[in-house]
2 protein chains.
Amino acid sequence: MATPTREPNRREQILAAAAAKFARYGFHGVGIDDIGAAVGISGPALYRHFRGKEAVLAEMLTGISDTLLAGGRERVGGEDPAADLDRLVAWHVGFALGNPDLITVQARDLDSLGSPDRNRVRERQRAYVEVWVDVLCRLHPGLARSTARAAAHAAFGLINSTPHSTRLSSGAMTDLLHRMARAALAEVTG
Amino acid sequence: MATPTREPNRREQILAAAAAKFARYGFHGVGIDDIGAAVGISGPALYRHFRGKEAVLAEMLTGISDTLLAGGRERVGGEDPAADLDRLVAWHVGFALGNPDLITVQARDLDSLGSPDRNRVRERQRAYVEVWVDVLCRLHPGLARSTARAAAHAAFGLINSTPHSTRLSSGAMTDLLHRMARAALAEVTG
DNA sequence: CGAGGATGTTAACGGCGGCTCACGCCACTC
DNA sequence: GAGTGGCGTGAGCCGCCGTTAACATCCTCG
């Protein structure tokens, strides 16, 4: 091919391919050559775009946590906590269904990251959880934050189970997960 | 120590230690020496008890899937599908809270297994899901099995999120997860 | 008490995989 | 058209890791 369309950014191709591989085999189960082959280049060419294999994972995970946190914050702060929670659920369901590989990698390979990046990602994740906890506590005054935190984690688990599912149509799946998550969280008042 | 209590079965110590390591770092992220060190022996002594590193994972995963399936089958077949479902939820919550490492490894490292063992485990997992699907379909006549399957997976995700949670007391956590899972599954009728 | 088997140890091999290096292309600009 | 810089390749180094081998120890039993 005579440079049909000069790829604008190889980096994103690599990130997407690596996400798919990492999601299936785990960070340590995927080689540099595997990632390269998945985007049509072979082996060490990757070092023209990233400082190393771990840098690929780092950029992937910081991107996910930044996106989730930013999207979550955009959707709260309304007058009605119930509506806020509804938007949070919709946001998370949409992200998980749209990016199953990323959701899997984030849940799975965070500990393969070196301390500096890992701490950064953990911080964002913690902040994202607190967004949910705040809304839950506003919705149910008197609810202990530790209980709200456990409930939020459970809701994430429910929604993130997407990748393992025999997928229904996207619309049906969105609707099902949304309703199940809402029902589960409604149970949190005690 | 002058052989205080000769360890009856090293194998189970190794399995437990390996489960903890695998859960944290992934199968490929843990070395033979790491596992050995965790039980007080060093390195290749492991080969006195297992044919190799993969054999450890294989025994772990087949054990989990056998246990889950057997426990699930014991708890269904009553006259009341709602009571069956309740027992299934209680069973799964108890297992997940009692064995967070195993739950993590099962969800994470199945693809690191060679074909023969992997297929065996997959078969058991599939059968276990069908136990849930059967109960859901008896409880909600007319429910499509594919929808029931998606709902079951979502419930597993909710319950299995345990390891990532800042744990409440065991009793409170059991109660919370049980109620959330029940509420989520009740939403499945459409 | 001496043979044998279960359980460990250290040393060493062999392959794999991440990473570096030296080099080849183009595309674009003075 | 020669220089420059982005992008890719193939060869090779080096360290890690799963596995094997050769050798110790100790308990058990005839």
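Good morning. I begin with A:Ser65, a residue in helix α3 of chain A, which spans residues 53–74. Please keep in mind throughout that this is a predicted model.

Is A:Ser65 buried or exposed? Its relative accessible area is 3%, and buried means under 20%, so A:Ser65 counts as buried. Leaving aside residues up to four places away in sequence, A:Ser65 touches A:Gln106, A:Val121 and A:Arg124.

I turn next to a pair of helices in chain A. Two packed helices are described by the angle between their axes and the distance between the axes. For helix α4 (residues 81–98) and helix α8 (residues 170–186) of chain A, the axes come within 10 Å and cross at roughly 135°. That angle makes α4(A) oblique to α8(A), and the crossing is right-handed. The residues of this contact divide into ten nonpolar, three polar and two charged. On the α4(A) side they include A:Leu85, A:Val89 and A:Val93; on the α8(A) side, A:Met173, A:Leu177 and A:Ala181 are among them.

Finally, I move to chain B and its helix α1, residues 10–25. This helix has 16 residues and reaches 22 Å from its first C-alpha to its last, close to the 22 Å expected at 1.5 Å a residue. Which residues of α1(B) are buried? They are B:Ile14, B:Leu15, B:Ala17, B:Ala18, B:Ala19, B:Phe22 and B:Ala23. These buried residues pack against α2 (32–38), α3 (53–74) and α5 (100–108) of chain B. Just after α1(B) comes B:Gly26, which takes a positive phi of about 85°.

Thank you for your attention.

Key
Residues numbered from 1 in each chain as written. Chains lettered and ligands numbered in written order. Predicted model: local features only at pLDDT ≥ 70, side-chain atom pairs only at ≥ 80, totals over all residues. Heavy atoms only, no water. Helix = DSSP H or I, 4+ residues; strand = E, 2+ residues; numbered from the N terminus. Expected span 1.5 Å × (residues − 1). Buried < 20%, exposed > 50% of the residue type's maximum accessible area, 1.4 Å probe, protein only. Contact = heavy atoms within 4.5 Å. Axes fitted to C-alpha atoms, helices over the stretch in contact; angles between N-to-C directions. Parallel < 35°, antiparallel > 145°, perpendicular 65-115°, else oblique. Left-handed = near helix turned anticlockwise from the far one by under 90°. Nonpolar A, V, L, I, M, F, W, Y, C, P; charged D, E, K, R; others polar.
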